[in-house]
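Thanks, everyone, for making time this morning.

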Amino acid sequence: MKITEHIQNADGKTLFSFEIVPPQKGVGISDLYKNIDPLMEFKPPFIDVTTSREEYIFLERENGLVERKVTRMRPGTLGICAAIQYKYSVDTVPHLLCGGYTKEETEYLLIDCMYLGIQNVVALRGDAMKGEKYFKPALGGHSYASELVEQIDALRCGRYLNEDTGYKGCATDFCIGVAGYPEKHIEAPSINYDLQMLKKKVDMGADYIVTQMFFDNQKYFDFVKKAREMGITVPIIPGIKPVSTKKHLQLLPQAFKIDLPEPLINEVAKCSDNNAVRQVGIDWAVHQCKELLDFGVPVLHFYSMGKSDNIYKIAKELF
Ligand code: FAD
């Protein structure tokens, strides 16, 4: 079922969902299942699976030279989606990236999704490759998520890439999610500019928005207000990440270009070990989510990077 249908059918009740990251290449899927198993108690209507773009690795050769290779460290997004869908009878949402993919490769992925009964996708640009300053599209790939949305939307009308040869294929029925940034995307010159680009994605056919993580609900409330004023009417699903280690105080702002509120920083700084930090993260997220539930958010979407015990504890208090 489509995410938008899940939201409609919930009739105003907030749903629980989460995102998982594929294991590193060479690691089996069993640990992933161990993390998902307990969370199924909260009946998520869908689970997102991220895609990692390719990266450079450097291999030292016997002759002393260093060889640069391109590899994907966490492949298998679509396989994991299919496996989870089959094992748990839950909708899965693969993340599709512009970065590292040609339009043809994207089309093949979408065709695989169609065959597998995967009806929802999140369309993203992806970041610059590690070690590179700017995002560069693949040769024959998309530069912005809005272009990827346009390609997926064309498939919904049966317009495949080789349409100019007169070919018209069967129409697909994808529900398309896109990313939104309550604290603006790092490259955007202003929040208003970023919102205009978000509107473009919706105008191209995006059906819902999932936000970057945030720790101050006011940022989400302001973002939703501005988006609505701009004429964006699709559901805006908040993304929640519980802080779980002291290192997150530096890592999260650096990786996701977000601010942490002073009271949260102070509570984490006081902790003597990471167990205590984990509890602070749980308490903060529960408080955040209760306010978001009062606001009437359609879904509480959790970023589960690795261990999910903290998300279980949060969901237990809320659902
Ligand atoms: P876009 O919407 O294309 O925006 C990128 C930048 O360009 C923004 O600054 C925007 O304002 C600007 N812009 C957009 N369109 C135009 C235009 N036409 N002209 C000029 N400027 C424009 N990354 C991964 O690698 N894998 C994942 O699985 C993944 N999942 C994510 C899930 C969520 C919910 C979120 C919020 C992010 C996720 N990301 C993921 C990170 C994401 O790929 C990065 O944040 C990336 O830098 C931007 O992607 P985007 O789709 O928002 O890009």
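Predicted model: local features only at pLDDT ≥ 70, side-chain atom pairs only at ≥ 80, totals over all residues.

**Helix packing and the ligand shell**

Let me start with helix H5 (residues 145–156) and H6, whose axes come within 8 Å and cross at roughly 5 degrees. Axes here are lines fitted to C-alpha atoms, for helices over the stretch in contact, with angles running from 0 to 180 degrees between N-to-C directions, and the helices and strands are DSSP runs (helices H or I, at least four residues; strands E, at least two) numbered from the N terminus. H5 and H6 are therefore roughly parallel to each other, a label used for angles under 35 degrees. On the H5 side the contact, meaning heavy atoms within 4.5 Å, is made by Ala145, Ser146, Val149, Glu150 and Asp153, and on the H6 side by Lys200, Lys201 and Met204. Sorted by class, that contact has three nonpolar, one polar and four charged residues, where Ala, Val, Leu, Ile, Met, Phe, Trp, Tyr, Cys and Pro count as nonpolar, Asp, Glu, Lys and Arg as charged, and the others, Gly among them, as polar.

Residues are numbered from 1 along each chain as its sequence is written, and side-chain values use heavy atoms, with hydrogens and water left out.

The second pair is helix H3 (residues 77–88) with helix H4 (residues 103–116), whose axes come within 11 Å and cross at roughly 10 degrees. That crossing makes H3 roughly parallel to H4. Leu78, Ala82 and Gln85 of H3 meet Leu109, Asp112, Cys113 and Leu116 of H4, which by class gives five nonpolar, one polar and one charged residues.

Among the polar contacts (pairs of N or O atoms within 3.5 Å), an oxygen atom of the ligand is 2.8 Å from an N or O atom in the side chain of histidine 185, and an oxygen atom of the ligand is 2.7 Å from one in the side chain of aspartate 194.

Technical notes
Polar contact = N/O pair within 3.5 Å; in protein donor to acceptor, adjacent residues only side chain to side chain. Parallel < 35°, antiparallel > 145°, perpendicular 65-115°, else oblique.
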